[in-house]
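Subject: Structure handover

Dear colleague,

Here is the structure for your files, with the sequence. My notes come after it.

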Amino acid sequence: MLTPHIRLPLEQYPYLTWGKRLPDPVPSDLYLAFGEYIKYSLQSIAYSLNSIWGGVDEPTVPTLNVIAGTGLTEIANQQVGGSFRVLYLKALEQIRKEDILFNSTVAAASRTSSHGIRLVARDGSGGNTTVVAKQLLVTIPTLAENMAPFDLDVRERGIFGTLSAVGFWIAVFRVPGLVPNVQYAHATTYRPYNMSAEFGLYRLLPTPVKDLYTGFFNGHYDMTDDEAVSMAVKSLTAVAQAVTGAAVLPDDQLPSLVVWKRVTPWRPVMTADAIKNRTWDQMYALQAHRNTWYNSMLFTPGGPQLWNYTETVLLPQILAACGK
């Protein structure tokens, strides 16, 4: 187990405010397991951080991933970092809706320095649209599996292969018998700081409709939807039994699924060895490689920082690369 030589407070990492460009050598605290780093100064907010990172086994994750993924300011204020909605609304102000391919995924790609970008986008009905561009900005989580349709080269596969993630689902459940207008959060007595278990239901929020709750749950990245939903319903049943005191719930009190949506991959993280070996330098060095640029919450810690970095740093460089 790694032990840092100096117990540094978060303020010693001001460069993490805007991204993950790290000094050389990388401070050993940043690739220390977060469960060890918590002991230095963050015990009081360990559980609230865990609720932000629900579904990730936070104590085992390298500290850099938690600090930079949440945001220094957000940690200081014990607030969730950022929102994608701001970016979507800003984008719609600049791009016509008819120029956006909704509900589509990239099925194939060609990216060359001489011929630019060519993407084949497939919609939900199986139809294909070819997109030709000079430059490409990627904002999806850059796991190797997620990026496979983009015709990765050896360099890109090696960097993206250091990332891993979990599966994340949002659902609406019908859960009769719970106390109205109460939010439920998963806590344990057998894990440090009462952190939730790595996988399963970790938050349940009431809605204005009686007995309907919004639930958030996680599982292994390759877990099927049926497996994840079954696990969540099992967790909900345990919650309902604990709240109502019933050893066995009657049929009309059993939790049921109304609607769900898979949001995967969730919270990509880099291994401790990759952080120590300066893989983040290699990640940033991919900017403009094969006419492709990258930005997302993986790179910047919050919504405002994400938009500012895109508008003031990336877009001028992308436009310059386009000859504008």
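This is a predicted model: local features need pLDDT of at least 70, side-chain atom pairs count only at pLDDT 80 or more; totals for chains, interfaces and linings use all residues.

Residues are numbered from 1 along each chain as its sequence is written, and side-chain values use heavy atoms, with hydrogens and water left out.

Aromatic pairs

A search of the whole structure finds seven aromatic pairs. Rings of Phe, Tyr and Trp (its six-membered ring) pair if their centres lie within 6.5 Å; planes under 30 degrees apart count as stacked, over 60 as edge-to-face and the rest as tilted. One of the pairs is Trp169 with Phe217, which is stacked because the ring centres are 5.7 Å apart and the planes are at 5 degrees. This pair links distant parts of the chain, with Trp169 in strand β5 (residues 163-174) and Phe217 in strand β8 (residues 212-219), 48 residues apart. Helices (H or I, at least four residues) and strands (E, at least two) are DSSP runs, numbered from the N terminus. Trp169 has 0% relative accessibility and counts as buried; Phe217, also at 0%, is buried too. Buried means under 20% relative accessible area, exposed over 50%, partly exposed in between (1.4 Å probe, protein chains only). Together with Phe173, Trp169 and Phe217 form one aromatic cluster.

In helix α10 (residues 279-284), Trp280 and Tyr284 lie four residues apart, about one turn of the helix. Tyr284 is buried, at a relative accessible area of 7%, and Trp280 is buried at 2%. The charged end of Arg21 sits over the ring of Tyr284, 4.0 Å from its centre (the criterion is NZ of Lys or CZ of Arg within 6 Å of the ring centre and within 35 degrees of the ring normal).

Hairpin

Strands β1 (residues 104-112) and β2 (residues 116-123) pair in the antiparallel sense over eight bridges, where pairing requires that DSSP finds at least two bridges between two strands. Three residues lie between β1 and β2 in this hairpin. Thr105 has Arg122 of β2 as its bridge partner.

Asn295

Asn295 is in the loop between β11 (292-294) and α11 (303-321). With a relative accessible area of 1%, Asn295 is buried. Residues that Asn295 touches (heavy atoms within 4.5 Å), not counting those up to four places away in sequence, include Leu137, Val138, Thr139 and Leu314.

Regards
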